[in-house]
Amino acid sequence: MARALTGSGKYDQALKLYEALLDGDRKEDDDLVNCGYCEWFMGRVPEAISHFSAYLDKLYPQARPEEILTHCQEDIIDSERDFILAHGITETEMQLMGDAVFDKALR
C-alpha cells in the first residue's frame, strides 16, 4: 500500500505508513528501502540516506565500505532506475545518492 502511494506521488500518506511499519514489530527490509525512496522523492535527502544505509547494513552486515557503493548502485539505484527517474530524480542525483550512502558507510 505504501509503495503504491509513493508510486502515485502521495508521498505524505506513504511516509506515514512507512513510519508506522518501521516502528512496528513486523518491519521488512523492503520497508527501509521503500521509505528511503519516498523520502528522496520528497526532498528529504538526509533521511533517505539513513534508510538506504540501514537497508544495506541489514542485507550486507559484513560488507566492506567499498562494497557498499556497489551494493547501493545495484540494489537501490539500478534495480529501480525507471521508478526513480519517473519521480524526477536525475542521473546526477542518483550518482550523488550513491556517493552519500558510501560516505555514510565510511563513518
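Contact is taken here to mean heavy atoms within 4.5 Å. Helices (H or I, at least four residues) and strands (E, at least two) are DSSP runs, numbered from the N terminus. The structure is a predicted model, in which local features need pLDDT of at least 70 and side-chain atom pairs count only at pLDDT 80 or more, while totals for chains, interfaces and linings use all residues. Residues are numbered from 1 along each chain as its sequence is written, and side-chain values use heavy atoms, with hydrogens and water left out.

The protein comprises seven helices and zero strands, giving the pattern α-α-α-α-α-α-α along the sequence. Its C-alpha atoms occupy a box of roughly 35 × 35 × 20 Å along the principal axes. The radius of gyration, taken over C-alpha atoms, was compared with a globule rule of 2.2 Å times the number of residues to the power 0.38. For 107 residues, a compact globule would have a value near 13 Å, and the 13 Å of the protein agrees with this. Of the contacts with a separation of 6 or more, 54% are accounted for by residues 24 or more positions apart.

Burial was assigned from relative accessible area (buried under 20%, exposed over 50%, partly exposed in between; 1.4 Å probe, protein chains only). By this criterion, 36% of the 107 residues are buried. Accessible areas come from the Shrake-Rupley method with a 1.4 Å probe, and for residues only the protein chains shown count as cover. The protein exposes about 6100 Å², of which carbon and sulfur atoms supply 50%.

Helix α3 (residues 29–42) is mostly covered, with eleven of its 14 residues buried. The buried residues of α3 are Asp-31, Leu-32, Val-33, Asn-34, Cys-35, Gly-36, Tyr-37, Cys-38, Glu-39, Trp-40 and Phe-41. Their cover includes α1 (2–7), α2 (11–23), α4 (45–59), α5 (65–77), α6 (81–86) and α7 (91–106). The expected span of a helix is 1.5 Å times one less than its number of residues. For the 14 residues of α3 this span is 20 Å, in agreement with the 20 Å between its end C-alpha atoms. Gly-43, which follows α3, has a positive phi, near 90°.

Within helix α4 lies Ser-53, which is buried with a relative accessible area of 8%. Apart from neighbours within four places in sequence, Ser-53 is in contact with Val-101 and Lys-104.
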